[in-house]
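Dear colleague,

Please find below the structure I wished to pass on to you. My notes on it follow directly after.

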Amino acid sequence: MLLAETAAGPAWSWNLITDVQEMWSFPFMVNAFRAGTIVAVVSAAMGYFVVLRRQTFAAHTLSTVAFPGAAGAVLLGISAVYGYFTVCVAAAVVIAAVGWRGGGGGADEAALTGTVQAFLPACGFLFIALYKGLLGGPQSLLFGTFLGITTSQVTVLLGVGAAVLAALALIGRPLLFASVDPQVAAGRGVPVRALSVTFLVLLGAATAEASQITGTLLVFALMVIPAATAQTTTGRPGTGLALAVFLALAATWLGLTTAYYWPYPLGFFVTSYAFAGYLLVRSGRTLHTWLSRTRAPLLYKEATA
Amino acid sequence: MLHPMAKARTAAEGTVPPPRAPASEPPAALTVADDPVIALRGAAVRVAGRALWSGVDLCIGAGEFVAVLGPNGVGKSTMIKVLLGMLPAADGEVRVLGARPGQANHRIGYLPQRRSFDPSMRIRGVDVVRLGLDGDRWGIPLWPFGARRRAARRRIEEVIELVGASTYAYRPIGTCSGGEQQRLLIAQALVRRPELLLLDEPLDSLDLPNQSAVTALISRICHQENVAVVMVAHDVNPILHHLDRVLYLAEGGAASGTPEEVITSPTLTRLYGTPVEVLRTSAGRLAVIGQPEAPALHTDRHADRHAVGPAAGGDHAAG
Ligand SMILES: Nc1ncnc2c1ncn2[C@@H]1O[C@H](COP(=O)(O)OP(=O)(O)OP(=O)(O)O)[C@@H](O)[C@H]1O
Ligand SMILES: [Mg+2]
C-alpha cells in the first residue's frame, strides 16, 4: 500500500537479474523473502498431514482465531507475531482437550470449533475498532502483508519453524500410520491420541506462522492448496511432501515478487498462484486419465503411481 | 521365510504343526502346548457396563487355526481387542505370547473389521503395507539406500506377491476395490512375520473364489510358518476344512473345541439355551438353524448383515 502511493513505483524490466537485485536492495523485501520461505516450508509440510487427516476444518478454525489474536496484541501494544502464536497454540490446546473429552474427532469437536469460529473474529473486529491507529485497517491482518517484517520477527519465525519441523520429523512416521490406519496403529502401540494432540499444537504454531504472510483468511493458500496439489499428483508420501514444499515455495516467491510490483494484498497473489497450480495439475490429471482410458486402461497405474 | 522364533520352536519340537490340543480342556489342563500363544482362563469382558461373554477357557498353540464364531454383537471383535490389550478383561486370566495382552503386540498381525479407505485417500497400497513394517518407528529414515532398507523393500514386495496384490499395490489405495484393499491389509498384517494373526472378518467383502483363495493363503501361512491364527468369521463354511478349533461365543457363555465337537445340535442348544439344530450337507457344509440373533437392542446396527445370510451365525440354508 505504501508502494502504491509513491507515484513512481518499481517497474518490471524483464531483466530478471536486475529486477531481483533491485527488489532485494530493500531490507524489508529481503526479510519478506526470508519469512516467506520459512513459512512456506513449514506450512506445506504440516499441510500435507492436514489434507491426509482431513483436518482442514481445524486448520481453518485456528486461522480465524489468529486474527483476534493479532488484533489483540496490537491493541496491547505488543507485536502481532506474539499474538498469533499465543492465541493459535492456546486454541489448538482447547480443541485438542475437547476432542479428547468427546472421544476424539466427533461432533462435539465440530460444534465447538464452529462456535469459536463465530465468536473470535467478532472480538478481533472489536479490538481493531478500539485501536484506531492500525496501519491499513484490518486488511493487512486478514489478507497478508510483506511490509514491516523485522529481522527479529524473522528470527522468531525461524525458531518456531525449526521447532515445528523437528517435531514433525520425529513423529512423522507414526503420525502417517495413525492418519492412514488408526486402528492398526493403535494395535501396534502407536499413541494415536497423543499424536493427534501434538499434531494440533504443531498446527497452531504453523497456522500462526502462515497467517503472517498470507493473512489469517488465506492460510489455506500455503497450508492446504500445495498439499492437495501434491496429493493429486503422487501417492508416495515422501515425494508428496517434497512436492508440497516446492509448490508452496514457488507460490510464495512468485507472490512476493508480484506484490512488490503491484499494489494489491500479498495473500491474494500467493493464493492465486497456488490455486493456478492446483487447477493445472487437476486438469492435467483429468486429461491424462481420459487419454489413458481411451488408449490403454493399463496405463492408469503409471498415471497415478 | 520362517520366522526365527517359529524356526527355533520348530527345531525344538520336530515337525510342524505341533500337536493339537484336545478340545474342551478343563481349566486345570490348560498348559497342553508347552508354550501356548494364547491362554484364556475364565475370561470375561464388560463393555459400557454390560457383560458380554464370560467364562471363556481357551488355549491356542503355535500354528493353530482357530475361528471365533457367534451372532452379531456378541463380542467377537471385543475378544480381539482384549487379546490386543486395547480393552481389559473384567475377570479371569489372559496371556498372549507369554505376556500380558498389549505387551507383545509387535509380534502380532492385526486386521480390524471392515475398514475401507476413502476414495480420496491418496496413499499407495505399498505404502500402507510398509506402515505395517516400520510405521511405529520414530524419526524419519534419512539414508534410503542401506541394507536394512533394501531388505525392507524386498520383504514388502514378497508379501504383496504372496497375497497376489502386485498389480494394484502401486495405485492409491482409495482407488482399489474393497476386496483388493482387504488383500493389501492382509499383506500389512503379515509383513512383520507375526507369530500370531488376529483377523477380524477378513473374508468380508470378498467374493466366493477370493474367500477360498484368501482362506487357503492364511491356512498355508498358519500351518507352514507355524503362525497361530485367530479368525473372526460369520460363515464357518469357507474355512471349515482348515480349522483346528472353534470358539463359539454366546451371551454369558462360550464353547470351544474342534468344529466336530462344538458345532453340534446338543452343544449349541446347551450354549444358547434354545433348541438349535445343526445340519450337515453331503458336501460337508454346515447349517445352523435356530440360533438366537443378537440381542434385540443391537439388531438395527447389523440390519445389513442379516440380509447376507450368515451360516453358522443365524438361520441359513446351506448351499
Ligand atoms: N465403545 C462401545 N460402547 C458401548 N458399547 C459397545 C462399544 N463397543 C462395543 N460395544 C457393544 O459391545 C457389543 C459387542 O461388540 P462387538 O463389536 O465385539 O460385536 P461383534 O461380535 O464383533 O459383532 P459383529 O458380528 O457385528 O462384528 C455390541 O453389543 C456393541 O454394541
Ligand atoms: Mg465384529
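**Aromatic residues and the chain interface**

In chain A, a single aromatic cluster is made up of A:Phe26, A:Phe28, A:Tyr260 and A:Tyr261. Please note that this is a predicted model.

Over all chains, a search of the whole structure gives nine aromatic pairs. One of them joins A:Trp262 to A:Tyr264 in an edge-to-face arrangement, with 6.2 Å centre to centre and 80 degrees between the planes.

Turning to the interface, 35 residues of chain B are in contact with 32 residues of chain A. The area buried between the two chains is about 3000 Å², and carbon and sulfur atoms give 58% of this area. On the chain B side, B:Arg122, B:Leu131 and B:Trp138 supply 24% of the area that chain B buries against chain A, more than any other three residues.

Two salt bridges are found across the interface. A:Arg173 and B:Asp134 meet through their side chains in a salt bridge, at 3.0 Å from N to O. Nine residue pairs are in polar contact between chain B and chain A. Helix 3 of chain B gives the most to the side of chain B that touches chain A, namely five residues. By class, that side has 16 nonpolar, nine polar and 10 charged residues.

With kind regards

Key:
Residues numbered from 1 in each chain as written. Chains lettered and ligands numbered in written order. Predicted model: local features only at pLDDT ≥ 70, side-chain atom pairs only at ≥ 80, totals over all residues. Heavy atoms only, no water. Contact = heavy atoms within 4.5 Å. Buried area = accessible area lost by both parts, 1.4 Å probe. Salt bridge = Lys/Arg side-chain N within 4 Å of Asp/Glu carboxyl O. Polar contact = N/O pair within 3.5 Å; in protein donor to acceptor, adjacent residues only side chain to side chain. Helix = DSSP H or I, 4+ residues; strand = E, 2+ residues; numbered from the N terminus. Nonpolar A, V, L, I, M, F, W, Y, C, P; charged D, E, K, R; others polar. Phe/Tyr/Trp six-rings, centres within 6.5 Å; stacked < 30°, edge-to-face > 60°.
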